[in-house]
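Let's take a walk through this structure together, going from a helix to charged pairs and then to surface patches.

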Amino acid sequence: MEISTHPEQVKITPARQRKVKKAAVLGSGVMGSRIAAHFANIGLEVVLLDIVPFDISEEEKNHKAARNKLVDSSLNSAIKANPSPIYDKSFASRIKTGNFEDNMDLISECDWIIEVVIENLDIKKKVFEQVEKHRKPGTLISSNTSGIPIELMLEGRSEDFKKHFVGTHFFNPPRYLKLLEVIPSSETDSEIVDFFMSYGEKFLGKTTVLCKDTPGFIANRIGVFSIMAIFHLMAEMDLSIEEVDALTGPITGRPKSASFRTCDIVGLDTLAKVALGMKENCTGDESAETFAIPDYVNKMIENKWLGDKSKQGFYKKVKNDEGKSEILALNIKTMEYEPKSKPRFDSIGNVKGIDDLNKRLKALYSESDKGAEFLRKLSSHIFQYCSMRIPEISDELYRLDDAVRAGYGWELGPFEQWDALGIKEAVEMMKGYGFEPASWVEEMLKAGHESFYITESNVKKYYDIQKKQYVAVPGREAFIILDDLRGQKPIWKNAGTTIHDIGDGVINLEFHTKMNSMGAEVIEGINKAIDVAEKDHRGLVIGNDAPNFSAGANLAMIFMLAIEQEFDELNFAIAAFQKTMMRARYSSIPVVNGPHGLTLGGGCELSMHCDAAVCAAETYIGLVEVGVGVIPAGGGTKELVLRASDSFTKDDPMLPKLQDAFVNIATAKVATSAHEGFDIGVLDEKKDEVVINSNRVIAEAKRKVLELSEQGYSQPIERDDILVLGRTALGGLYAGAEAFYIGNYATEHDKKIANKLAFVMAGGDLSMPTKVSERYLLDLEREAFLSLLGEKKTLERIQSILNSGKPLRN
């Protein structure tokens, strides 16, 4: 396994030559412990320090465990959290804990020291005084402050400290939220700023956004303003929190938690504190009153209805009379909790079938009901506010979009959303509600520039307000972003896939079905892409920019054929899928795929068969077919048997590895990171790589294709030497399935599926260990798959999954 950080497409500067091998995290609270975990994720040695507990007894004062109780407890809680802040539990061994009194000298060995203590300027200054005593000159130093002015922290600090100091504002949880705001002071060396911007993107996997030292920086200034605008507009238009959440969730490109569920997660007290800070400190802000806390929110805070931390906020989870969990929602007029409703807006119903977000927004905003009216008025206010914040919080508009997308999970930033609606049309809409845009917007339109972004020659450009022209968005040179290629004619496309030329003799196959599920059009696309690559290209990348690589096979197609008893058709379809997976492995050119996000079922099987998988660290990969009621039949079962066979030596018997693989398939195990994918065997350390930043996956996959090509890639030969154990393994695997059933961990139908799986993984009812071919195992897979599809229980499971509209995931 290789962690890929190749710099070929990035210009080398002194900033990039600086190395970080060891980091110190000062403060082990929720953020500190999780930042330490993410540093460990990328392979750093980490020193995590915090105070000696105040309540330590005289007897305990000389005991290390007691003195480190706070920091150790915080780290242990973080590691046990779900979702986990760490890619693999073993990585926690990279973190060494200690306390400020006994162990501050350890920071002298560190290349980066980050302060993550409570948001109190006096406390931060005291920590920095101690840091100055032990920090070696030239060491990077930063604060994770979310709002304290950077300049104020520098009072009394040395010149070397000031030159190497910046704000580095991570968003919680730092493993999962991609934003890292970098806030220099007036005395920060420019080389240090360049380093953090580069290091955050390349090594920490972040979208790094350079911010001015203004209240809330960028993301919170815009994000909190948007939430507060929602609070006020909801009351003004007499909408319920369920209605607002329906309008400000995925339908408009926002997270599933929408507005009020997000507030419950963050904590109402935290949100109110940040909002009040903005109101008090944003001098000259024409919309400062929007940050005022509404009466109903003040009442909630007074009642300690703070959200998840107090078990109730805008929503509350209770047990009903039948003992079942029920979600209640707060009625802000009565301040009483009521059963959560499912609001219906004609506007949402009319557009929910439009997959393209830009087109969906345009259609939604043209609707005439109350929901569309709310969105038009809300966006008018947000657009005005964002336009007025330039140049106060940023000179460049793209930084606002980057910050809000990466920090708040919006699919489109405010200026991107404005573009989707059309700038001219949106300005007219804004004026209709009394929201005038900043003067530079009008000047831009008068000059004939009618969008904030354009793409020219596959380069995305933004409108530079000072230069009054379009300029390339910086920092994209190391990425291959398929959206930037939309302007060029594709090599080939069908309803579910597109083949792009990504340069240097390499092509890319992009999926664009729903959830990138793999049906007939994707199978056709894979085969066509291999045909094209074998004819006159050096290799093929299979990758996409969607949130998920692939949620697996097209269940609706399988269900329809099974219900209609079209088993000959099903047999043909599964055989075609198997043949395509084998072609990915045994083509005459290197085939590399780029898993990220959900990579399940057939998506996992494709990854297993490619010459290499260049995976985003945040890849949730596994063979989940048992959850549907079948077994992996696209070569996934075969592949794990093959890998167990290849691992067999006199000192390393095959059966334990086969049993582990059996359990992972039978329990539909999904890795919670690419690193865990190696642990469960679906990724292979001999050929697969991990990339921290998902935006780099396609570029790194292309690099891998070229590397394999330059090494003299030759077409592999199909295997006929796979050792299967027959009855030697069959009895033990059957016994395992029976034990799960007896222990009530599996139903009768689950046991039947597990027994079919056991039969395939043992290679059938063979009297002795035997070497077989891949084709032999594929035939066993297909036979078991088809027999299980004939089961009523399997069809009921598939129907239930289709009705839920959610991907299958353990």
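Lys-212 has a relative accessible area of 29%, so it counts as partly exposed (buried means under 20%, exposed over 50%, partly exposed in between, with a 1.4 Å probe and protein chains only). Before going on, please note that this is a predicted model, where local features need pLDDT of at least 70 and side-chain atom pairs count only at pLDDT 80 or more, while totals for chains, interfaces and linings use all residues. Residues are numbered from 1 along each chain as its sequence is written, and side-chain values use heavy atoms, leaving out hydrogens and water.

The partner of Lys-212 is Asp-395: the two form a salt bridge with their closest N and O atoms 2.9 Å apart (a side-chain nitrogen of Lys or Arg within 4 Å of a carboxyl oxygen of Asp or Glu). This pair links distant parts of the chain, 183 residues apart, with Asp-395 in the loop between α16 (370-388) and α17 (397-408) and Lys-212 in the loop between β9 (207-210) and α9 (219-237). Helices (H or I, at least four residues) and strands (E, at least two) are DSSP runs, numbered from the N terminus. Asp-395 is partly exposed too, at 25% relative accessible area.

Another salt bridge joins Glu-774 and Lys-638, with 2.8 Å between the closest N and O atoms. Because Glu-774 sits in helix α31 (residues 774-789) and Lys-638 in helix α25 (residues 636-646), the pair ties together parts 136 residues apart in sequence. Both Glu-774 and Lys-638 are buried.

Within helix α30 (residues 748-761), Lys-751 and Glu-748 lie three residues apart, about one turn of the helix. Their side chains meet in a salt bridge at 4.0 Å, N to O. Lys-751 is buried, with 14% relative accessible area, whereas Glu-748 is partly exposed at 47%. There is also a network of salt bridges linking Arg-221, Asp-285, Glu-286, Arg-389 and Glu-392. A search of the whole structure finds 64 salt bridges.

How many of the 12 residues of α2 are buried? The count is 11, so α2 is largely enclosed by the rest of the structure. Among these buried residues are Met-31, Arg-34, His-38 and Phe-39. Just after α2, Gly-43 adopts a positive phi of about 95 degrees.

Glu-564 is found in the loop between α22 (555-563) and α23 (567-585).
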